[in-house]
Amino acid sequence: MPIPKTLVVFHYHLLRGGVRSALERSLRCLGDSGWAAGRRLKILVGRDAGVRSFCEALQGRWKDVQVEVVSGLDYRDEPWPDESSFRQDVGALVSRILDLTEDETLYWVHNPTLGKNAAVTAAWRGVVEEAERKGLPCRFLFHVHDFPECGRMENLARLRRCWTTGGLTDPYPDPSLPAAYGVLNGADRARMERAGVPPDSIFFLPNLLEPSPPLRPSRDVRRSIADALAAYADREGYAFHRDRPWWLLPIRLIRRKNVLEAVVLAAAHDPPAQVLITLDANSDQERPYADAVKDWVRWHGYPVVIGFGLELVGSAFSLKDLMGACDAIVTTSLLEGFGFGFLEGPLLGRPLLGRNLPDVTSDFEQAGFPAGVLYESLEVFVAQGERRRLREAGRVFARRYRTLCPGLSEESEERFLAALEDLYGKETVDFGMLDLEGQKRVLETMKAGESFAERLKPCRLDDRARSALHALLGPEAHARRLAQAFGSLFDKPRPMGSLDEPSAPIPLGIRLADAFLDPRYQRPLLGGWE
């Protein structure tokens with residue numbers, strides 16, 4: 001059998017969403033490329049939901065698939081009563097995970113450091129250390145889609161306060177251990193290198209783009225979709241205007257997606273646009289924001305329909321038919337790992353409107369993606385009192401962030417505070433630097449006829465850019481990157497470092513916290529500014 005002989009893939013769950021979609025596409029791609037031949041696949045998750053449909057999607061591509069559901073690997077918000085009970089649960093998880101080792105085994109671990117369950121984070125670090133101590137024939141690839149230090153204060157607090165009197169100080173394994181990192185974009189790779197991770201332990205592993213020809217819109221299809229959306233909107237209390245331009249946000253309603261910015265743009269557009277948001281929030285952490293947005297757009301009668309995807313997409317119509325029926329795809333996101341939202345619409349021939357995220361799109365620009373037509377800041381008038389309130393909230397946030405990251409320098413906090421003074425020292429502020437209450441006030445006071453037309457330039461792809469993006473991110477390149485990353489972990493000598501002698505005096509988590517203490521990554525809408 002080839003090496004590695006066994007591939008163990010972990011994620012907390014297989015509910016439909018960004019990580020599941022990326023995983024499903026990657027495993028299908030590995031199967032189609034022939035890499036799966038002669039190898040075992042083990043899926044390790046924390047809940048049953050979604051497992052069957054996920055495995056069905058892999059049929060015919062992987063011959064030997066085993067699923068292990070361990071409830072302790074699911075999301076967990078509540079802290080443990082004490083360190084002893086926490087360590088006991090961690091130890092049990094370490095044993096369960098290592099039981100999956102069979103011959104040369106690669107553990108492909110998705111978002112283990114995110115802070116969705118502190119015991120899972122500690123367990124994966126413990127698994128790496130235990131495997132090194134025992135000399136087990138396994139390697140580990142931590143595929144980081146999102147960082148807890150980046151705009152996720154609740155996640156960071158969940159790690160640092162995972163039992164009543166303390167918590168984890170650093171979720172990342174020592175670089176001397178047989179674990180490497182996969183990242184979704186070049187900015188994250190550079191950030192991890194600057195934080196001290198050896199370059200040969202970081203792999204650029206962007207998500208897969210599956211080839212798809214441009215869509216051909218159909219009036220009959222749009223009419224059918226409109227009927228289904230109208231019935232849903234009427235039942236759920238949303239305003240739906242079928243004759244307005246349709247702006248689609250194929251996303252989940254979570255804070256970092258910054259959806260009220262799309263509502264602002266749609267209201268100011270000539271003619272006003274109908275906003276369509278496919279999925280509602282599905283986590284306790286995001287539901288308060290999602291419920292507040294839904295209640296607010298219903299109360300004010302804004303032309304926004306939210307959450308129809310679970311009921312209608314895949315039954316009444318397909319996502320591709322919906323994209324083809326829409327006049328534009330819109331992105332107003334404040335944080336992304338890979339950024340499907342920038343590519344899916346334009347690759348299908350639909351114009352993209354909205355906010356640019358250079359950390360993400362700089363990887364695409366080399367293939368001709370015209371990121372420059374998107375805006376990076378949407379300036380709106382904000383009253384002095386509101387700006388003063390946000391400055392003070394930012395100061396409180398910075399103090400709390402430093403408390404959660406012991407070892408973070410005072411200079412880092414001062415740099416952040418200086419940036420806040422600059423951002424909130426002017427009459428106009430980026431809409432994405434407001435919290436939810438501030439965003440709602442902007443919408444309520446927006447003057448009739450106010451326009452952002454000069455910011456809304458459609459982003460389109462020509463045939464050359466489309467071809468170059470598929471060459472950069474399509475199946476052949478994706479399978480090659482994964483195979484090279486997996487193989488290289490077994491090709492290079494076992495690390496010689498010592499668990500008792502850390503390779504860097506400052507933990508990796510603190511170095512990353514310093515890199516992310518920046519208003520671009522720590523925005524009021526994302527939490528922690530209360």
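This is a predicted model: local features need pLDDT of at least 70, side-chain atom pairs count only at pLDDT 80 or more; totals for chains, interfaces and linings use all residues.
## Domains

The chain is divided into two domains. Domain 1 is made of two stretches, 6–208 and 474–499, while domain 2 covers 219–377. The C-alpha centres of domain 1 and domain 2 are 30 Å apart.

## Interface between the domains

On the side of domain 1, 21 residues are in contact with domain 2, which contributes 14 residues. About 1400 Å² of area is buried between domain 1 and domain 2, and carbon and sulfur atoms account for 45% of this area. In domain 1, the residues that lose the most area to domain 2 are Glu154, Asn185 and Asn207; together they give 26% of what that side buries.

Three salt bridges are counted between domain 1 and domain 2. Arg255 forms a salt bridge with Glu154, and the closest N and O atoms of this pair are 2.7 Å apart. Glu154 is also listed among the residues of domain 1 that lose the most area to domain 2. Eight residue pairs are in polar contact across the interface of domain 1 and domain 2, counting pairs with both residues at pLDDT 80 or more. Helix H5 (153–160) and helix H6 (186–194) each supply at least two residues of the side of domain 1 that touches domain 2.

## The five-stranded sheet

Five strands form an open sheet in the order S10-S9-S8-S11-S12, with parallel pairing. The edges are taken by strand S10 (304–306) and strand S12 (352–354); each has a single partner strand, so one side of each is left without a neighbour in the sheet. From one strand to the next, the twist averages 25 degrees.

Thr331 has Gly354 in S12 as its bridge partner. Helix H7 (residues 219–236) packs on the sheet, where it touches strand S8 (246–252), strand S9 (274–279) and S10. The direction of helix H7 makes about 65 degrees with that of S8.

The structure as a whole holds 50 salt bridges. In one of them, the side chains of Arg25 and Glu344 meet at 3.4 Å, N to O.

## Backbone features

A cis peptide bond joins Ile3 and Pro4, with omega at about 0 degrees. Pro4 is found in the segment before strand S1 (6–10). A cis peptide bond also joins Asp270 and Pro271, again with omega at about 0 degrees. Pro271 is located in the loop between helix H8 (259–268) and S9, and strand S9 is one of the strands touched by helix H7.

Asp103 is not a glycine, yet its phi is positive, at about 55 degrees. The loop that holds Asp103 runs between helix H3 (83–98) and strand S4 (105–110).

Technical notes: Residues are numbered from 1 along each chain as its sequence is written. Side-chain values use heavy atoms; hydrogens and water are left out. Two strands pair if DSSP finds at least two bridges between them. Helices (H or I, at least four residues) and strands (E, at least two) are DSSP runs, numbered from the N terminus. Axes are lines fitted to C-alpha atoms, for helices over the stretch in contact, and angles run from 0 to 180 degrees between N-to-C directions. Contact means heavy atoms within 4.5 Å. Domain bounds come from an automatic or database domain assignment. Buried area is the accessible area (1.4 Å probe) that two parts lose on being put together, summed over both. A salt bridge is a side-chain nitrogen of Lys or Arg within 4 Å of a carboxyl oxygen of Asp or Glu. A polar contact is a pair of N or O atoms within 3.5 Å; within protein, one must be able to donate a hydrogen and the other to accept it, and residues adjacent in sequence count only if both atoms are side-chain atoms.
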